[in-house]
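Trainee: Could you take me closely through the helix and what surrounds it, and then follow the picture outwards to the rest of the surface? I would like each term to come with its cut-offs.

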Amino acid sequence: MNILITGSEGYLGSHLVSYFKKKNFIVYGIDIYEKPIGNYKYFNLDISKAENFKIIQNIKFDLVVHAAAKLVFE
C-alpha cells in the first residue's frame with residue numbers, strides 16, 4: 001500500500017511515517033525541509049504550489065494523510 005504524508009517532517013507527520021513504516025507500507029513524504037530525518041521516499045516541495053505536484057503525479061496512492069501546516073512566527 002502506498003501512503004503519502006504531507007508535512008512528513010513535522011511532529012504528527014513524522015510519527016505517522018514511523019507508524020506506517022513499521023506496518024511495512026511504502027511511505028512517501030512531502031515537506032519543505034531540505035533533508036528528511038527518516039528513511040522513506042521523500043520529496044522536498046511546497047504543497048501551496050500546484051505545479052510542484054507534477055513530480056509525484058504518476059504515483060498511485062492508496063491513502064493520503066494531510067498533516068502539513070503553515071507555520072506563522074510573529
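Mentor: Leu 12 sits in helix H1, where helices (H or I, at least four residues) and strands (E, at least two) are DSSP runs numbered from the N terminus. Leu 12 is exposed, because its relative accessible area is 51%, and the classes are buried for under 20%, exposed for over 50% and partly exposed in between, computed with a 1.4 Å probe and protein chains only. Before going further, please keep in mind that this is a predicted model, in which local features need pLDDT of at least 70 and side-chain atom pairs count only at pLDDT 80 or more, while totals for chains, interfaces and linings use all residues. Residues are numbered from 1 along each chain as its sequence is written, and side-chain values use heavy atoms, with hydrogens and water left out. Although Leu 12 and Ala 68 are separated by 56 residues in sequence, their C-alpha atoms are 8.9 Å apart.

The loop between S1 and H1 holds Ser 8, which counts as buried because its relative accessibility is 1%. Apart from residues up to four places away in sequence, Ser 8 touches Gly 13, Ser 14, Val 17, Gly 29, Ile 30, Asp 31, Tyr 40 and Tyr 42, contact meaning heavy atoms within 4.5 Å. Tyr 40 in turn has contacts beyond its neighbours within four places in sequence, including Val 17, Lys 21 and Val 27.

S1 runs parallel to S2, and five bridges join them; strands are taken to pair if DSSP finds at least two bridges between them. Within this pairing, Thr 6 stands opposite Ile 30 in S2. S2, residues 26-31, is mostly covered, with five of its six residues buried.

On the surface, Ile 32, Tyr 33, Leu 71 and Phe 73 form a nonpolar patch with about 520 Å² of accessible area together. Patches consist of residues with over 30% relative accessible area and no salt bridge, like charges being joined within 9 Å and nonpolar side chains (Val, Leu, Ile, Met, Phe, Trp, Tyr) within 5 Å, and the areas come from the Shrake-Rupley method with a 1.4 Å probe, only the protein chains shown counting as cover for residues. Phe 73 lies in the segment after strand S4 (63-66) and is exposed, because its relative accessibility is 72%.

Finally, the structure holds two salt bridges, each defined as a side-chain nitrogen of Lys or Arg within 4 Å of a carboxyl oxygen of Asp or Glu. One joins Lys 49 and Asp 46 at 3.3 Å, N to O. Lys 60 forms a salt bridge with Asp 62, with their closest N and O atoms 3.3 Å apart.
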